[in-house]
Amino acid sequence: MDLEYKGTVYRPPVEANTMLLPVTEGCSHNRCRFCNMYKDVKFRMLSTDEIEAWLSEMYRVNGAYKDQIERIYLVGADPFAISASRLEVVIDLIRQYFSNIKTVTMYAAVRNIMSKTDAQLKRLHELGVNELYVGVESGLDDVLKYLNKGNTVDDVRRQCARLNSIGMRHMSLLMPGAAGKGRGEEHAIATAELINEIKPAMVLLTTMSVFPGTELDVDVKAGLFTPAGEKEILTEEKIFLERLNLPSTYFWAAHSLDSVRIAGFIGKSRPMMLARLQHAIDNIDEELFNKTFRRDHL
Ligand code: SF4
């Protein structure tokens, strides 16, 4: 079987060393106002034969090290959209090739968690699905609505509580700047409150960017949305970090779209991270920054 994957592969930067298995193409939602990652790709689940062909090829390349491979990342915008029964089939296939896998991780939208029963979540957790990257983005309902995320803050709260109740670790993807100019502090406070409540193992920040051709880009050009300046975004990030009561949560803000790249456990590294943010806030030349920092593509 010819192996062909349609579209670009996106995975969390922190999974750079993890083995990647394609299971879906595109995004089952594909309507977020700021996103152009999968606009040219129709959502589909790969067939069992296709997934097995990928596994066979991965085994050909990595089979000699199979006992050392304990983690696998399922590729796609939201592979957790796959039904629980189908995910069981995929995990069973994975273990036929890589029997030592202990963690199966992937992106999961809030609606993907909602669509599974508690019993299904527990079963998937037992099978090794024990870390999910959840696109939370914001702790403000009007922002989620504007972004067209397809869920509310309360949905995030409830679904993450379900993951916590079964011990499934989750990581929150967040978007500083998403509330626009003049609302950075409000966004930081509301998002920190939500994050303190849902207790993710990690928060990953990717600063809002206006990618060409998105609905957000159209709104910006029409004057309907004004992006925050860099000083406001960094101040938002600082207020957000100051307010987190989660010492063992890992804070990661080192995406290529983040201007100040910092990472560390909150309990240990917060003073260092706050100092770096404050230094940038005190010294940034926004005019020069806007001329030199590219934020129009991933
Ligand atoms: S941000 Fe995620 S959920 Fe939204 S359209 Fe893009 S890939 Fe899909």
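The legends below describe close-up views of a predicted model. Local features need pLDDT of at least 70 and side-chain atom pairs count only at pLDDT 80 or more, while totals for chains, interfaces and linings use all residues. Residues are numbered from 1 along each chain as its sequence is written.

**View A. Residues around the ligand.** The shell around the ligand consists of Cys 27, His 29, Asn 30, Arg 31, Cys 32, Cys 35, Met 37, Tyr 38, Ala 77, Ala 109 and Gly 135. A residue is near a molecule if its C-beta atom, placed from the backbone, lies within 6 Å of it. By class, the shell has 7 nonpolar, 3 polar and 1 charged residues. Ala, Val, Leu, Ile, Met, Phe, Trp, Tyr, Cys and Pro count as nonpolar, Asp, Glu, Lys and Arg as charged, and the others, Gly among them, as polar.

**View B. Helices α1 and α2.** Two packed helices are described by the angle between their axes and the distance between the axes. Helices (H or I, at least four residues) and strands (E, at least two) are DSSP runs, numbered from the N terminus. Helix α1 packs with α2 (residues 84-97) at an angle of about 25°, and the axes are 10 Å apart. This angle makes α1 roughly parallel to α2; angles under 35 degrees count as roughly parallel, over 145 as roughly antiparallel, 65 to 115 as roughly perpendicular and the rest as oblique. Axes are lines fitted to C-alpha atoms, for helices over the stretch in contact, and angles run from 0 to 180 degrees between N-to-C directions. The crossing of α1 past α2 is right-handed; a crossing is left-handed if the near helix is turned anticlockwise from the far one by less than a right angle, and right-handed if clockwise. On α1 the contact involves Thr 48, Ile 51, Glu 52, Leu 55 and Tyr 59, and on α2 Val 89, Val 90, Leu 93, Ile 94 and Tyr 97. Two residues are in contact if their C-beta atoms, placed from the backbone, lie within 7 Å. The contact of α1 with α2 divides into 8 nonpolar, 1 polar and 1 charged residues.

**View C. Helices α9 and α10.** The axes of α9 (residues 230-243) and α10 (residues 266-283) come within 9 Å and cross at roughly 160°. The two helices are therefore roughly antiparallel. Helix α9 contributes Lys 231, Leu 234, Thr 235, Glu 237, Lys 238, Leu 241 and Glu 242 to the contact, and α10 contributes Arg 270, Met 273, Leu 274, Leu 277, Gln 278, Ala 280 and Ile 281. These residues comprise 7 nonpolar, 2 polar and 5 charged. The crossing of α9 past α10 is left-handed.

**View D. Surroundings of Ile 69.** Ile 69 sits in the loop between α1 (48-62) and β4 (71-75). Ile 69 is partly exposed because it has 19 C-beta neighbours inside 10 Å; a residue is buried if 20 or more other C-beta atoms lie within 10 Å of its own, exposed if 12 or fewer, and partly exposed in between, with C-beta atoms placed from the backbone. Leaving aside residues up to four places away in sequence, Ile 69 touches Met 19, Asn 62, Phe 98, Asn 100 and Ile 101.

View E. Glu 137, in strand β6 (residues 131-137), has a positive phi near 65° although not a glycine. Glu 137 is buried, with 23 C-beta neighbours inside 10 Å. Asn 148, in the loop between α5 (141-147) and α6 (153-166), also has phi near 65°. Asn 148 is partly exposed, with 14 other C-beta atoms within 10 Å.
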